[in-house]
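Let's take a quick tour of the charged side chains in this one. Have the sequence and the 3D view open as you read.

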Amino acid sequence: MRLRFADCVFDGDTREVAREGRIRPVSPKAFALLELLIERRPGAVSKDDIRARLWPDVHVSEANLANLVVELRTALGDDARKPRLIRTVPRFGYAFKAEARPDRGSVETGERAPRFVYRLLWGRREISLDSGENLIGRDRDAIVWVDDESVSRRHARISVGEEGAIIEDLGSKNGTYVGDRRIRGTVVLSDRDVVRVGPATLRLRVFKRTGSTLSTVKERPPK
């Protein structure tokens, strides 16, 4: 997952944060905190949830978390008095408040085109999946926007990378299904798998890139 917000770029694959085009040093714990806040945006994350994620089964003082927030704000150029990125929720926790969007990098990066192309078929619609995170839900920023009350705002996500396409339910109330099975945790998807989210039935198609053309996959993408 690679996201751009304000003058910053968050890269979940390389575990790096850049601001104004320069990599900013952040500790692994601070990066994990930022990752959690981004995952749960724009919702607020309680201090208890943060401690459970960053320090499972370990008791730490309140100052440990406060110091991580200071470290992040310094790296991201955020001001605690007039926050643009990380909002303090008094007596509760923190929230990521910036507008974030997928960052696909520039054509000058010299990156090779991906070997496989992933698309979701939904009725007559065909939705291309980008490398990184592809959100499914009632959030209008979702790649697959399902406007139905049975669907959570951030219902599920399909992550596309070198390992293929992986779907994960994001704690939705009514669940995410692959075929007839409600998934738990992450599931690797294959060509023609059917994904159900609320009233939406989505079929994954995987194409192999051959030069400037696409062909139907005969071999399964790498897992």
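Searching the whole structure turns up 16 salt bridges, where a salt bridge is a side-chain nitrogen of Lys or Arg within 4 Å of a carboxyl oxygen of Asp or Glu. Keep in mind that this is a predicted model, where local features need pLDDT of at least 70, side-chain atom pairs count only at pLDDT 80 or more, and totals for chains, interfaces and linings use all residues. Residues are numbered from 1 along each chain as its sequence is written, and side-chain values use heavy atoms, with hydrogens and water left out.

**Pairs with a buried partner**

- Asp 11 and Arg 2 join their side chains in a salt bridge, at 3.0 Å from N to O.
- Asp 11 is buried, with 11% relative accessibility; buried means under 20% relative accessible area, exposed over 50%, and partly exposed in between (1.4 Å probe, protein chains only).
- Asp 78 pairs up with Arg 73 in another salt bridge, and their closest N and O atoms sit 3.9 Å apart.
- Asp 78 is buried at 10% relative accessibility, and Arg 73 is buried too, at 11%.

**A pair with a partly exposed partner**

- Glu 126 and Arg 119 form a salt bridge through their side chains, at 3.1 Å from N to O.
- Glu 126 counts as partly exposed because its relative accessibility is 49%.

**A network**

- Which residues are linked in a network of salt bridges? They are Lys 47, Asp 48, Arg 51 and Glu 62.
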